[in-house]
Amino acid sequence: MPIEDNTKNFKPNEKDPELLISHLKSVILEKDPDADIDTIDKAYKFAYDSHKNQLRLSGEPYITHPLQVAIILANLNLDITTITAALLHDVIEDTKTNFDIIKNKFSEETAVLVDGVTKISSLKKKTKYDEAHNLRKMLLATINDIRVILIKLADKLHNMRTIRYQNPDKQKQIAGEVLDIYAPLANRLGISQIASEISDIAFEIIYPEEYSEIVTKITHNRDEIEKYIINIQEILNKRFKELGIKAEITGRAKHYYSIFQKMEKQNKSLKDIFDIRAVRIITDELKDCYGILGVIHTLWSPISSRFKDYIAVPKSNMYQSIHTTVIGPQGHPLEIQIRTREMHITAEIGIAAHWLYKENPKTKSREYKEITLLKNIQKRQFVNDRPKDFLKELKMDLYTDEIFTFTPRGKIIKLAKGATPVDFAYAIHTEIGHHCIGAKVNNKIVPLKSELNSGDIVEIRTGNKEHPSESWLKFVKSSNARYKIRNWLRKNKDSNPNIEKDQKEQKTIEVSIPNNELFKIKDYSGRNKQNLFIDGTSNILIKLSQCCQPIPGDEVVGFITRGRGLTVHKKTCPSLLRLKAEKERFINIVWKGSIDTFPVKIAVHAIDRKNLLKDIAEKISAAKTNIIRMEADAKEKDNVIFKFILEVTSTDHLSELMKLLKNIKNITKVYKINEKVQLKHKE
């Protein structure tokens, strides 16, 4: 079943109402020959008469707008009631028609949808308070019937297609609203077709120079990229034919705003963005998805850090696909997405697939209310939120990517990227969050504000006397956790005047010692010469600084922070320069009896060759070193940079390892990341 408007000879910018209604009915009947076309005709005639004397800014009859909105929704496989409401969506706002008239002429269901869209459209944004208040109304209406926001998104899409008729200031205002709210909202609902198109149009308006630069560069390289993709298609089709695998291979559309976002977030140039060269493989059977993945990884070397299996663990907006990036022909990174046809439809139209599937007994209907954004709205309903809190929490839901973590029993917990153990605790249950006292990640004690990563196994410790701290609001990443923390603080502040005092005390003792390391501490100021020993049972937070990553053997110094315990820095750490004015807060630290391992980041530069990564891994293993994480970044002229997070026991251990690595053939440079001193390869 097609998901895009593929009807021959139809012009998307058509202005003739008769041609538009004819096309709308053909799209509907193509998808459902038994559809109730009489209701569509009736709604069209009513809308036509209601808008008879109205024109758009372009000068075309106003009726063309609701017709185009209806066509967008028909191509998204929406039901007749939604398409009918789309045809009528402006009659209450712009004519003398009211709710009761629509209810009596059509149905109460249709009238409710039209009324919901009308309330959204009539909201005037003047201040931040109004913006928050209006968005709240829009999303609360969405709870009752998601089709309200689908109509609004289709309405926004057609308005963006014709935005050039607005004055420049109005264009920028609308485009900013799209990038800020509507495009992220469409993404969260899984409707990538709408999200991508409105984002690209808004991108051109808000960032014309950046848009032009990206379009120009992609256009300049188009022939080369297209030849590259054709070569990939030929290689894969030949291999699939040999193995009896049926699949459709296409070059993947490149959305300019998405590329711009990646360049900004990752501080990369266009040539460093992996999905400039990208293909999508669509097959009929789930089992073939993994078979195809195996074929691809035998043809080209995968970049391990760029592999994601969203089939096994779908995103919260129902998106499913396998993503892998390989070093393809000519050493170019190549991103590949693999999915079934059903998954592809859901990836394109998101929650609209709910209406496509629900009538098909062979296909499992998807419950759209499981989408995280809608679940959060349903739970909270933002009843008591202050406007600024509402906006912050909404944008948390709209903008954050997801990670996938696990309970010790293997249950998957989906969280916002950058989430902490506190976010995890609240995702399990409100009371677990309220009584959270500590956490273990992958069987190691970590501070509550530690950032979690996909694949982490998280265990939460609770205490009966514990309660939320206002300080948690500074680091939690999920709107769900923020809402529950603020709710608890609001309810309990008046009944317990000691909360603020308790929280201040809690900031100084809410800690965990890394790896039960034993420290010998001497007072720097000389006021107290008594030595102190702190072990893993202590209530003082000792944190190893990430800026210089000290390990046993390094000369280190401690800095007493306000409310965050003791931070350990190397004595050569540049960060200490800005702290030197507060000399009284420094203490000397001596490592003693280190028996554990510590994470350290290193970079390995090399000229690429066959079995290079295998040789590096063998040397690391020979040095009795564990690899926590690895990523590779291919550069021009066969240059490659590997970045590792390794577990070492001391500076001597690290030095031995780096000497082994720098003697490997084709290795040009080895160094600890965040340090200027580098060990260079000896010719």
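These entries record what I looked up in a predicted model.

**Basis.** I number residues from 1 along each chain as its sequence is written. In this predicted model, local features need pLDDT of at least 70 and side-chain atom pairs count only at pLDDT 80 or more, while totals for chains, interfaces and linings use all residues; side-chain values use heavy atoms, with hydrogens and water left out.

Beyond four places in sequence, I find Ile194 in contact (heavy atoms within 4.5 Å) with Ile72, Leu76, Leu153, Ala154, Leu157 and Ala186.

I then turned to strands β7 (residues 402-406) and β8 (residues 412-416), which pair in the antiparallel sense over 5 bridges; pairing requires at least two DSSP bridges between two strands. Phe404 stands opposite Lys414 in β8. The two strands, β7 and β8, form a hairpin with 5 residues between them, and Gly410 in the turn has a positive phi of about 95°.

**His344.** I located His344 in helix α16 (residues 341-349). His344 counts as buried because its relative accessibility is 15%. Its side chain joins that of Arg339 through a polar contact of 3.0 Å (a pair of N or O atoms within 3.5 Å; within protein, one must be able to donate a hydrogen and the other to accept it, and residues adjacent in sequence count only if both atoms are side-chain atoms).

Notes
Helix = DSSP H or I, 4+ residues; strand = E, 2+ residues; numbered from the N terminus. Buried < 20%, exposed > 50% of the residue type's maximum accessible area, 1.4 Å probe, protein only.
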